[in-house]
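Work through the exercises below with the sequence and the model side by side, and try each task before reading its solution.

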Amino acid sequence: MTQLLAEARSAVHAAERARATWQDFVQPLEDATERLSRAWGQVEHLHGVLDSPALREAYNASLPHVTQFWTELGQNLRLFEKYRELQASPEAAGLAPARRKLLENALRDFRLGGAELPAELKPRYAAIQEELASLSAKFSENVLDATNAFSLVVGEERIAGLPEDVLAAAREAAEKDGKPGWKFNLQMPSYLPVMQYADDRALRETLYWESATRASEFGKPEWDNTPLIERILRLRKEDAQLLGYANFAQLSLVPKMAQTPEQVIDFLRDLAHRARPFAERDLAELRAFARTELGLDPLQSWDLAYASEKLRAQRYAFSDQEVKQYFPEPQVLAGMFQLVQTLYQVAISESAAESWHADVRFFDIRNLRGELIGRFFIDLYARETKRGGAWMDGAISRRRRESGIQVPVAYLNCNFSRPIGGKPALFTHDEVITLFHEFGHGLHHLLTRVEDLGVAGINGVEWDAVELPSQFMENFCWEWQVLKHMTRHVDTGEALPRALFDRMVAAKNFQSGLATLRQIEFALFDMRLHSEFDPAAGRPAHAGGAALELLDEVRREVAVLTPPAWNRFPNSFSHVFAGGYAAGYYSYKWAEVLSADAYSLFEENRAEDGAPDPATGVRFRDEILAVGGSRPAAESFRAFRGREPSVDALLRHSGMIPA
Ligand code: ZN
């Protein structure tokens, strides 16, 4: 890394003095930074999948140097000038569209990083960035400290209803403290099961109160996030205004697919309006069930998860365990590959490559002419040395080199259970969906035809559109004609019974109205907070601050469920105040609309026997996957779908069909 960093730095110095042409300036800079990022990508990958003490030490030793290099690159005004010179030169007009896009992206990122600010404003801009970074860090530390500060040890009379594994963990936690009984806390693996399963209503109420008031004025003053929220909003607004935008929401949307805060707000309100009748129905059913079957009346916030779980279990009696028997690994992989081969007109075959673990497999993708177009590693099982979750990473990106096309390579990583007792690994339906999701990201990376690395595959794709291909692939896991070919009972060999599949579909849409409104509430709150919030407007009437006032207003507009007045949700809304989702929380729903609507073209063009239409697949490959970040996602979507996105398909897939 030391050597690569030195080489990259000298390439940057050379680029600063080079002629402002693609050949002399952009190309060498890309070559040098690619060498660095590819090598570091491998280190990061190993850090994620094979974390040993020695590797971790080496990784942590290099990380600050690598981060510093990229920060300097983003602030390098000589490079910014050079890009501007190239943009203004006669060469720019003749560049291929992908290269023009790359150039635009580079200039945009410099501008959003403050490169164009007059010298006298730069110190203020830098001070804002620094203060925001430390406020965000403090915000999440406060949430973490407040979360960890609470625990409760209870006796046997209060644990009824809780599952075995949860109790075992709670027992162990109490034992660690040398206490009898069961210890619960506010971390998700303990908190969620209590809310879902604990028959003791007062226990649920206590944990709910503790969780809903974290990092607020009800706890330790030094952990109260209320003043931080106001300060963060104030600074974000100032930051946006320095860069020439009216508010932070406008600034946040510049590199995204959504154009204006108003467009996002209209989108959310429209969706809320359509989901509302279904949410009201969900709630009425839940209230009636809770009253008659559980004796819970009125239904309180700490009863919601509990009553929902009881209703779900009563209505759709099947278990993950039962479904899992039908999804052995070989059948699932073969089914997924078969689908992709038919849809995108490619051939996938197992190949060999050096890898980091004996569990890892390696595959080639060829086009119909037999040319190698992409390769991927697949690492399916959980290991102690692998971080949690599932993810796709690009190992090598496609680009044209003097020697020819550089074939892209992807890593697909999951945390599924490994084969046991001589049988193949068995996947839950959720795991199958996860696999399709990650493979969707992988195909976006691998089936690109773009020849410039910066906009090939998922590179340069707008943040609120990057989940389109992945969520799109998930839809096939709910397609009977696809699914039945990927199932085979591990003992009996029979395919998934249709009746079980129908129950799975029904359970998928359980309370989708309520879930939709909840996401919209958060997204609308976030967007209005960053577009309308006025830090200069007087003292808030609400004890929880001005942000909470706005949240109340949003709830009056879109929510069917109102939490207790003492709920301090904003104080632990880390996505928005400590993460990258500020004026971006809407993107969850946004991407879902895009992927559902894209998928609806497959539903319209379905073959008579219900099989997905290959011509539509080829169109998806050409208009979405192949073009990657080389043109705006909105254009790619229109080219594929033939019109603007519509929310209808998402509503239909969620079981929300107007009567
Ligand atoms: Zn994803």
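The model is predicted, so local features are taken only at pLDDT of at least 70 and side-chain atom pairs only at pLDDT 80 or more, whereas totals for chains, interfaces and linings use all residues. Residues are numbered from 1 along each chain as its sequence is written, and side-chain values use heavy atoms, with hydrogens and water left out.

**Exercise 1. Describe the pair formed by Phe69 and Trp70, and state whether each residue is buried or partly exposed.**

Step one is the rule: rings of Phe, Tyr and Trp (its six-membered ring) pair if their centres lie within 6.5 Å, and planes under 30 degrees apart count as stacked, over 60 as edge-to-face and the rest as tilted. By this rule there are 45 aromatic pairs. In the pair of Phe69 and Trp70 the centres are 5.3 Å apart and the planes make an angle of 75°, which is edge-to-face.

Step two is accessibility, where buried means under 20% relative accessible area, exposed over 50% and partly exposed in between, with a 1.4 Å probe and protein chains only. Phe69 is buried because its relative accessible area is 3%, while Trp70, at 35%, is partly exposed.

**Exercise 2. Find which rings have the charged end of an arginine over them.**

The criterion is that NZ of Lys or CZ of Arg is within 6 Å of the ring centre and within 35 degrees of the ring normal. Arg204 meets it over the face of Tyr306, 4.0 Å from the ring centre. The charged end of Arg387 lies over the ring of Trp391, at 3.8 Å from its centre.

**Exercise 3. Determine between which domains the second largest cavity lies, and what lines it.**

A cavity is a set of points, on a 1 Å grid over the protein atoms alone, where a 1.4 Å probe fits but cannot get out, and its lining residues have an atom within 4 Å of a point.

**Exercise 4. Locate the cis peptide bond and the residues with a positive phi.**

As background, most residues other than glycine have a negative phi, and most peptide bonds are trans. The cis bond joins Asp297 and Pro298, with omega about 0°, and Pro298 lies in the loop between helix H13 (261-294) and helix H14 (304-315).

Gln345, which is not a glycine, has a positive phi of about 55° and sits in the loop between helix H16 (329-344) and strand E3 (346-351). Gln511, also not a glycine, has a positive phi of about 55° and lies in the loop between helix H20 (498-508) and H21. As for accessibility, Gln345 is partly exposed at 28%, whereas Gln511 is buried at 14%.

Conventions: 1 Å grid on protein atoms, 1.4 Å probe; cavity = no way out; pocket = protein on both sides within 12 Å on 5 of 7 lines; lining within 4 Å. Domains from an automatic or database assignment. Helix = DSSP H or I, 4+ residues; strand = E, 2+ residues; numbered from the N terminus.
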